[in-house]
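Thanks for making the time this morning.

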Amino acid sequence: MRWIENWLNGRTQRVVISSAESSWKLVTSGVPHGSVLSPVLFSFFIHDLDEGTECTLSKFADDTKLGGVAGTPEGCAAIQRDLDRLASWTQRNLMKFNKGKCRVLHRERTNPMHQYRLGTDLLESSSAERDLGMLVDNKLMMSQQCGQEVEGGYPPPLLCPGEAPSGVLRSSSGLPSSRKMRNYWRVQWRATKMMRGLEHLSCKERLRELGLFSLKKAERGSCKCL
């Protein structure tokens, strides 16, 4: 414990941009990035973050997600009380949330769209937010994520070859239009070509090796489960 205390105490940091340097400042909270102990110590540091919360608080690395049922005034009040608890925790532990990245994702049509605050700042609402890298909208759909992946030429999560081939196109309902399917096929063709050991094979042979259905042939209502 004394060794860890000695390692954490008295740390300073500064910012360097090109040839301009800021003055050194004492670091009063947090743990240094990049060390083996940092993830463990950070987990210890935020362990009591959800203490006393009424709603569901999910923590992953340095991301925090608060979720609750907001269909009634009581539910909205419970969420706000938890936000107040989180704001109090940051004051006690000298660690601030990045409020510029904090957003409210209102779900369901009957949602009262209550405006919440974190500390003294009102939180902006958003129609879509990233959750562990996945862009999910307020209808719990991932169409925006798939569109971005197609435009970028990368395989959408449900079309990743080698991950779970049998999970690709699990059902015929909800398939995109033929034009969008052609875009997905281009991504599928490119992704399978990146698989090690399959570069010399044709697209048809690569799909056969991976046990994948060709998205080029998929049309609405004509694709069966694998």
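Let me begin with a term: a residue is called buried when its relative accessible area is under 20%, exposed when that area is over 50%, and partly exposed in between, using a 1.4 Å probe and protein chains only. What you see is a predicted model, in which local features need pLDDT of at least 70 and side-chain atom pairs count only at pLDDT 80 or more, while totals for chains, interfaces and linings use all residues. Residues are numbered from 1 along each chain as its sequence is written, and side-chain values use heavy atoms, with hydrogens and water left out.

With that term in hand, arginine 81 counts as partly exposed because its relative accessibility is 37%. Its side chain meets that of glutamate 54 in a salt bridge at 2.7 Å, N to O, where a salt bridge is a side-chain nitrogen of Lys or Arg within 4 Å of a carboxyl oxygen of Asp or Glu. This pair links distant parts of the chain, since arginine 81 sits in helix 3 (residues 73-93) and glutamate 54 in the loop between helix 2 and strand 5, 27 residues apart. Helices here are DSSP runs of H or I with at least four residues, and strands are runs of E with at least two, numbered from the N terminus. Glutamate 54 is itself partly exposed, at 42%.

Aspartate 84 forms another salt bridge, with arginine 117, the closest N and O atoms being 3.9 Å apart. Aspartate 84 belongs to helix 3 and arginine 117 to strand 8 (residues 117-118), so this pair ties together parts that are 33 residues apart in sequence. Through shared partners, salt bridges also join Glu54, Arg81, Asp82 and Arg85 into one network, and the total count by this rule is seven.

Which residues of helix 2 are buried? In this helix, residues 38-45, they are Ser38, Leu41 and Phe42. Seen down the helix axis, these buried residues fall within an arc of 100°, so they line one face of helix 2; the arc is that of the directions from the axis to the C-beta atoms. Pro39 and Phe44, on the other side, are exposed.

Finally, strand 5 (residues 56-60) and strand 6 (residues 63-67) pair in the antiparallel sense over five bridges, pairing being called when DSSP finds at least two bridges between two strands. Threonine 56 has glycine 67 in strand 6 as its bridge partner, and in the hairpin, with two residues between the strands, alanine 61 takes a positive phi near 55°.
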